[in-house]
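Colleague: Please take a close look at one thing for me: the places where parts meet. Go through them slowly, and keep the terms simple.

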Amino acid sequence: MKLPLYLGIAALALSANMAQADGHLKFAPGEDARFHWDSYEALKSTDLSGETITVFGPWLGPDKELVESVIAYFEEATGADVKYSGSDSFETQIVIDTEAGAAPNVSIFPQPGLAADLAAKGHLTPLAAGTADWVRENYAAGQSWVDLGTYAGKDGKDELFGFFYKIDVKSLVWYSPENFEDAGYEIPTTMEDLKALSAQIVADGGTPWCIGLGSGGATGWVATDWVEDFMLRTQTPADYDAWVTNDLKFNDPKVIAAIEDYGSFARNDAWVDGGAGAVATTDFRDSPKGLFASPPKCYMHRQASFIPAFFPDGVEVGQDANFFYFPAYASKDLGKPVLGGGTLFAITKDSKGAHAFVDFLKSPIAHEIWMAQKGFLTPHKGVNVDAYGDDTLKGMGEILLGATTFRFDGSDLMPGAIGAGAFWTGMVDYSGGKDATEVGNAIQATWDSLK
Amino acid sequence: MDGIAGKSPALTWVVNISALLLVLLWTIPTFGLLISSIRDKDQLATSGWWTSLASVERNLIERSSAPDTQVLEAGIYVITGNVFGTEQGDDLGEVTAFGWRSQQPTAFEPNTVAQMNKGLTLSVGRNGDYRLTSPVEFTGSRGKRIFITSIEAPKFTTNNYNEVLFAEGLGRSFLNTMTVTIPATIIPILIAAFAAYALAWMEFPGRSILLVTIVGLLVVPLQMSLIPLLRLYTDIGIGKDYIGIWLAHTGFGLPLAVYLLRNYIAGLPREIIESAKVDGANDYEIFLKIVLPLSFPALASFAIFQFLWVWNDLLIATVFLGNNEEQLVMTGRLREMLGSRGGNWEILTASAFVSIAVPLVVFFSLQRYLVRGLLSGSVKGG
């Protein structure tokens, strides 16, 4: 009785896999003139048939499908078998795997800090010679991307370990234009206006914000982005840089003030959907859905450029949803700071295929395939910007260009134990009602213990 | 219970009622999961499972047809259609209120005419037919938003199970978990049964020291050995594979298995074993023909323990197996789903049910041995 059942399930699972294998290239090669198909053809000169490349990263769900749609072109052209697996607990899993020597060939790090930790322990393989020069020449602000991917190896020598691919602009507020229109709200251009608008929405009987910190093993990172944005909006860029390297202590009044600025939004029961208590428990992937509920559960959602991948089905970015720049204080003369982030690819287990895969990421086609879908920004100068799937992404590019200050996500630059640990849990504690000074002290204590 | 001295009928009632309450308390959440897992996903998102038999009221945002479908009627531009889409059926629901602004989505009764901005009007009927009029031509590429509140009859479906088993990959993970669990249950029982017999009935020097060492291993926290063990596997070329996790589960399960089985087997009547020896049976025959059949309750009770423990294990699978399609076990898949599909309760509840189905079957088919096996081992001792 049981055996036929299993066989049936196995057969179904098998046929489902086969169905996926057919026609898995999103855009037929050579057809769409927006893409650099020449770079795809050039890829065919690398023969990797029979080679298996394992890739491990934090992308799941829609992001996983997107990255697989890009990888499919690499497989098709080179004959390699690339196995991508994603995990919600990437940050812990990759430490276990590299520690035990069972690492995947290529790992996708959401934080340079964690990659730097692993490089220092000798778990990363330096990228091929010449990659640094390539990045310097072909990426906008190339030197800064080289610097962010360069760490000291086990022997203490600085080398390029990380290749940045897919960057995000984080200082964005998402909203539903039609809801704003119905209520007669204007897009705020200063932080003072934004706070006034939030108060106005409450006065009108609505809830201004949806905030969710939940993210499996990485719960809390959403709040670190808020705090970083407020650091850039209340302190000088020099102070921000000092904070990232801990020259400015975590319990410094300047940092505490930024945390409390975040608290003025997230710990205000009337300002957040579900009340302040719901902030830490709502998943960040679910929280934007409140924008599209009837009646709207909230009017604004501060999140990075990748979030449209998690909007409900049928939501058209640019029509049903749009974004504006998370504004700066008019009262402080700090210009228009923009916070960004990015994921980097690093080789955790050396192989010919792993290097070939990183080379593939240099080709314009690897960027254009994802650009043409959603949630992807790239500093690659050689790509055709017409490939962007919608005007929204172009708009983000403009925010990036209009920035007077651009800073990389601070928590991603801090040591892994802080940026992917104490800072996250500290922010969850703070959102749950703990005192800001207490949280600052606790994070600083962890940082002191690392030195 | 009646004839027992000192027990009043009232007390018996209290005991019975408390037992009943505890059982209810224990089963209600599971029952809720079951109901939730077979409900329509849109209805599940709106109301709790205890209201599943009542009709559901939902607030929807629909959109009128695009401006290119407008017609000119007596000087005004009109767009008509049905908010529930083109296919009209009975189960699509009934409109109880509508509105045109997100701030007041339920401002108007069906069949009334709502005045919108710039002279536009909107009316929606109970069956969802709407009529949108304007004195000037509609422009743009999309229709206007129509907010409706609709009442729908309760809907039950097995689609959630279809989706988790096939689209979400839980079916594949189910097979992976089976691949892990069955050998990881059978191997330690086999080894432990042999060891238990030897420790109970074969005389050899250092027997009690060996037994104490094995029992002592029970207190070693297995978490400590995870990384060194994985490193060993990588060095000898096993890497992250099923064979590694079978060996790991076998090792981690053996001390308890040997201890339980040895106590049970040592409690078997000495006469049986001695008379078999007199009849010329060797140890292997005694073990196979006498001890093994007699110790079935103990074997079964350990099998249940080991099976449930391996089935529900996340930690060891996370460390010793990869996160890919071929190796991700069910607990791992559930963890990822909590993240990527955290808001989709229909997915999570159906997944939870798939994952508890097999342990339930195993438990109920073997549970009559559970108490017997455990008690006989512990009470008699050895």
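Modeller: We start with one definition: a salt bridge here is a side-chain nitrogen of Lys or Arg within 4 Å of a carboxyl oxygen of Asp or Glu. By this rule the whole structure has 33 salt bridges, counted over all chains. One of them pairs A:E99 with B:R231, at 3.7 Å from N to O. This pair crosses between chains: A:E99 sits in helix α4 of chain A (residues 90-99), and B:R231 sits in helix α6 of chain B. Keep in mind that this is a predicted model.

Now take the face where the two chains meet. Here 36 residues of chain B are in contact with 38 residues of chain A. How big is this interface? The size of an interface is often given as the accessible area lost when the parts come together. Chain B and chain A bury about 3000 Å² between them. Carbon and sulfur atoms give 51% of that area.

Next, look at the charged and polar pairs. Eight salt bridges are found across the interface of chain B and chain A. A second pair to find joins A:D320 and B:R63 in a salt bridge, with the closest N and O atoms 2.8 Å apart. Polar contacts can be counted too. Between chain B and chain A, 19 residue pairs are in polar contact, with both residues at pLDDT 80 or more.

Which elements of chain B make up its side? Those that supply at least two residues each are β1 (56-63), β8 (145-152), α4 (170-201), α6 (226-236), α11 (315-320) and α12 (330-340) of chain B. Of the side of chain B that touches chain A, α12(B) supplies the largest share, with five residues.

Now stay inside chain A. In contact here are 29 residues of domain 1 and 36 residues of domain 2 of chain A. The area buried between these domains of chain A is about 2600 Å², and carbon and sulfur atoms give 61% of it. Three residues stand out on the domain 1 side. A:V169, A:I399 and A:R407 supply 23% of the area that domain 1 of chain A buries against domain 2 of chain A, more than any other three residues.

What crosses this domain interface? Two salt bridges are found between domain 1 and domain 2 of chain A. Another salt bridge to look up joins A:D88 and A:R285, with the closest N and O atoms 3.4 Å apart. Eight residue pairs are in polar contact across the interface of domain 1 and domain 2 of chain A, both residues at pLDDT 80 or more. On the domain 1 side, the elements that give two or more residues are α3 (62-78), α5 (112-120), β6 (163-169), α15 (391-402) and β11 (405-408) of chain A. The helix α15(A) gives the most to this side of domain 1 of chain A, with six residues.

Strands β8, β7 and β9 of chain A form an open, antiparallel sheet in the order β8-β7-β9. In chain A, β8 (300-302) and β9 (322-325) stand at the edges with a single partner strand each, so one side of each has no neighbour in the sheet. From one strand to the next, the twist averages 30°. Strand β7 of chain A (residues 172-175) is joined to β9(A) by four bridges. In one of these pairings, A:Y175 has A:N322 in β9(A) as its bridge partner.

Last, chain B. Chain B is divided into domain 1 (9-51), domain 2 (56-152) and domain 3 (168-380). The C-alpha centres of domain 1 and domain 2 of chain B lie 41 Å apart. Five residues of domain 1 of chain B are in contact with four residues of domain 2 of chain B. The area buried between these two domains of chain B is about 360 Å², of which 57% comes from carbon and sulfur atoms. B:D42, B:Q43 and B:T46 supply 87% of the area that domain 1 of chain B buries against domain 2 of chain B, more than any other three residues. One salt bridge is found across the interface of domain 1 and domain 2 of chain B. B:R58 and B:D42 meet in a salt bridge, at 3.9 Å from N to O.

How values were computed
Residues are numbered from 1 along each chain as its sequence is written. Chains are lettered from A and ligands numbered from 1 in the order in which they are written. This is a predicted model: local features need pLDDT of at least 70, side-chain atom pairs count only at pLDDT 80 or more; totals for chains, interfaces and linings use all residues. Side-chain values use heavy atoms; hydrogens and water are left out. Two strands pair if DSSP finds at least two bridges between them. Axes are lines fitted to C-alpha atoms, for helices over the stretch in contact, and angles run from 0 to 180 degrees between N-to-C directions. Contact means heavy atoms within 4.5 Å. Buried area is the accessible area (1.4 Å probe) that two parts lose on being put together, summed over both. A polar contact is a pair of N or O atoms within 3.5 Å; within protein, one must be able to donate a hydrogen and the other to accept it, and residues adjacent in sequence count only if both atoms are side-chain atoms. Domain bounds come from an automatic or database domain assignment.
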